[in-house]
Amino acid sequence: MNIHSFLADDDQQSNQYKYVLNTTKKLQERRKNDRSESIFGDSDLRSCALRLAQQGDYTEAIALLSQLICRHPYNAIDYNNRGLIYFQSGERQKALYDYNTALKLNPYLASAYNNRANYYAACGELAVALADYDQAIDLKPHHVRAWINRGITWRDLGQYEVAIENFEVALLFGQLEGHIWAERGRTYHLWGDWNCAIADYRRALTQLPSFDNDKDITGCRLRLKLENWLDELLSQSTC
């Protein structure tokens with residue numbers, strides 16, 4: 001299976017970037033000095049953990065989420081988020097355990113189905129992944145990430161028309177257009193419709209972040225792939 005930018009969910013990301021960074025620094029210093037996180041609220045710990053994970057500090061992020069789970073052992077969201085970070089760090093079995101635990105605690109958590117589906121897709125278990133994407137969408141019909149990821153999975157199965165249909169539904173919600181156009185363009189590319197592929201690639205480039213943007217690592221990685229796909233397509237079209 002090809003490696004794709006499957007879009008994972010986190011449930012409690014903060015939009016206050018500077019605040020999160022400042023709190024993260026304070027928390028890290030506190031942990032170094034006396035490892036007493038109790039003065040920080042749950043939302044602070046959760047935001048800092050997700051911010052640290054985005055910066056690549058998975059060990060510290062997992063430690064903070066584990067602290068939250070100790071405080072609230074029945075909070076499905078924290079298990080889901082820790083599973084996401086385990087997955088990002090390459091510890092897939094621990095990720096699967098946390099996703100399963102999250103779904104036992106809350107069988108209606110659509111984001112956990114999406115994240116677990118990403119795990120199955122990455123392992124090549126595409127039929128199982130599709131079942132989880134279906135469940136995520138059944139629970140939350142406007143779940144854009146699940147629509148995109150399901151489209152990618154159908155594309156991996158060679159079902160290009162079905163994949164396109166998923167991307168077109170995802171576009172209706174007005175979110176993540178750059179990701180959708182990039183993945184729809186890749187589908188047209190593999191399907192042999194180069195004109196549509198080039199048009200979608202160029203649309204996506206207007207939406208995806210530049211390489212110096214450290215707030216959207218997934219978007220930057222997709223932009224790199226997209227530019228390679230576009231170069232590949234343009235070089236083929238001139239032969």
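Buried means under 20% relative accessible area, and exposed means over 50%, with partly exposed in between. The close-up views below come from a predicted model.

View 1. A disulfide is taken here as a pair of cysteine sulfur atoms within 2.5 Å. By that rule, the model has zero disulfides.

**View 2. Packing of helix H5 against helix H6.** Helix H5 covers residues 92-105 and helix H6 covers residues 110-122. The two pack at an angle of about 150 degrees, and their axes lie 9 Å apart. Because of this angle, H5 is roughly antiparallel to H6, the cut-off for that term being over 145 degrees. H5 passes H6 in a left-handed crossing. On the H5 side, the contact is made by Arg92, Gln93, Leu96, Tyr99, Asn100, Ala102 and Leu103. Their partners in H6 are Ala112, Tyr113, Asn115, Arg116, Tyr119, Tyr120 and Ala122. Sorted by type, the residues of this contact of H5 with H6 are nine nonpolar, three polar and two charged.

**View 3. Packing of helix H10 against helix H11.** Helix H10 (residues 177-191) packs with helix H11 (residues 194-205) at an angle of about 160 degrees, with 8 Å between the axes. H10 is therefore roughly antiparallel to H11. The crossing of these helices, H10 and H11, is left-handed. H10 contributes Gly178, Trp181, Ala182, Arg184, Gly185, Arg186, Tyr188 and His189 to the contact. From H11 come Trp194, Cys196, Ala197, Asp200, Tyr201, Arg203 and Ala204. The residues of the contact of H10 with H11 comprise eight nonpolar, three polar and four charged.

View 4. Ala163 belongs to helix H9, which spans residues 160-171. With 0% relative accessibility, Ala163 counts as buried. Leaving aside residues up to four places away in sequence, Ala163 touches Gly151, Trp154, Arg155 and Thr187. The C-alpha atom of Ala163 is separated by 7.8 Å from that of Arg184, a residue 21 places away along the chain.

Notes: Residues are numbered from 1 along each chain as its sequence is written. This is a predicted model: local features need pLDDT of at least 70, side-chain atom pairs count only at pLDDT 80 or more; totals for chains, interfaces and linings use all residues. Side-chain values use heavy atoms; hydrogens and water are left out. Axes are lines fitted to C-alpha atoms, for helices over the stretch in contact, and angles run from 0 to 180 degrees between N-to-C directions. Helices (H or I, at least four residues) and strands (E, at least two) are DSSP runs, numbered from the N terminus. Angles under 35 degrees count as roughly parallel, over 145 as roughly antiparallel, 65 to 115 as roughly perpendicular and the rest as oblique. A crossing is left-handed if the near helix is turned anticlockwise from the far one by less than a right angle, and right-handed if clockwise. Contact means heavy atoms within 4.5 Å. Ala, Val, Leu, Ile, Met, Phe, Trp, Tyr, Cys and Pro count as nonpolar, Asp, Glu, Lys and Arg as charged, and the others, Gly among them, as polar. Buried means under 20% relative accessible area, exposed over 50%, partly exposed in between (1.4 Å probe, protein chains only).
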